[in-house]
Amino acid sequence: MEIISMKQFLNYLEKTRQQTNNVIQAIPEDKLDWSYKPGKFTLGDLIRHIVLIERNVFAEVALGNKPKYKGCGKEFAMGYDDVFHFFKVMHQQSIEILQSIPDEQLKQKMLSLDGKEIQLGNFLRSMIVHEVHHRGAMCIYLNLLGVESPPVIGLREEEVIQISKKQLL
């Protein structure tokens, strides 16, 4: 996906975020602090991480600033309702920042965090890749807990198989 306009990018980001929100809403309240292994992200950490990287890395760097990421622990938001509210508020801040960036700037070269030259639009696209990566981890966590995660494209694998069979007849 080539990003040629901020409006196009933000539309795609919001569709991605809705899918992530669907997964987050499937998290049982008593499992927010659960992790599959000590020392690894909890479900709450993953939620905070997605939005803090979005706001404090991608949005800041898009403005020409240094990243301001300082982790994703409970000091940012603790408890079921507070974590979800924090997720929404920080995302809205990111959207407001990104809306201020003119389309022409998306083609400008910048240095990524690892020092490679990249167009701003491509850097922002990696924000979506980052979110999808961690959304997938949340789905695995939910499955380990015995909680069914929502389908990403609206259909489960079994439904796609059935549709495929019907089209073969």
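**Ground rules.** I number residues from 1 along each chain as its sequence is written, and I work with heavy atoms for side-chain values, leaving out hydrogens and water. Since this is a predicted model, local features need pLDDT of at least 70 and side-chain atom pairs count only at pLDDT 80 or more, while totals for chains, interfaces and linings use all residues.

**Helix 2 and helix 3.** I looked up how helix 2 (residues 43-62) packs on helix 3 (residues 80-99): the angle is about 15° and the axes are 9 Å apart. Helices here are DSSP runs of H or I, at least four residues, numbered from the N terminus. Axes are lines fitted to C-alpha atoms over the stretch in contact, with angles from 0 to 180 degrees between N-to-C directions. That makes the pair roughly parallel (angles under 35 degrees).

I then listed the contact (heavy atoms within 4.5 Å). I sorted the contact residues into 13 nonpolar, four polar and three charged (Ala, Val, Leu, Ile, Met, Phe, Trp, Tyr, Cys and Pro are nonpolar, Asp, Glu, Lys and Arg charged, the others, Gly among them, polar).

**His49.** I found His49 in helix 2. At 8% relative accessibility, His49 is buried (under 20% relative accessible area, 1.4 Å probe, protein chains only). Not counting residues up to four places away in sequence, His49 touches Phe41, Tyr69, Cys72, His130 and His134.

**Thr42.** I placed Thr42 in the loop between helix 1 (6-25) and helix 2. Thr42 is also buried, at 13%.

Conventions:
Helix = DSSP H or I, 4+ residues; strand = E, 2+ residues; numbered from the N terminus. Parallel < 35°, antiparallel > 145°, perpendicular 65-115°, else oblique. Buried < 20%, exposed > 50% of the residue type's maximum accessible area, 1.4 Å probe, protein only.
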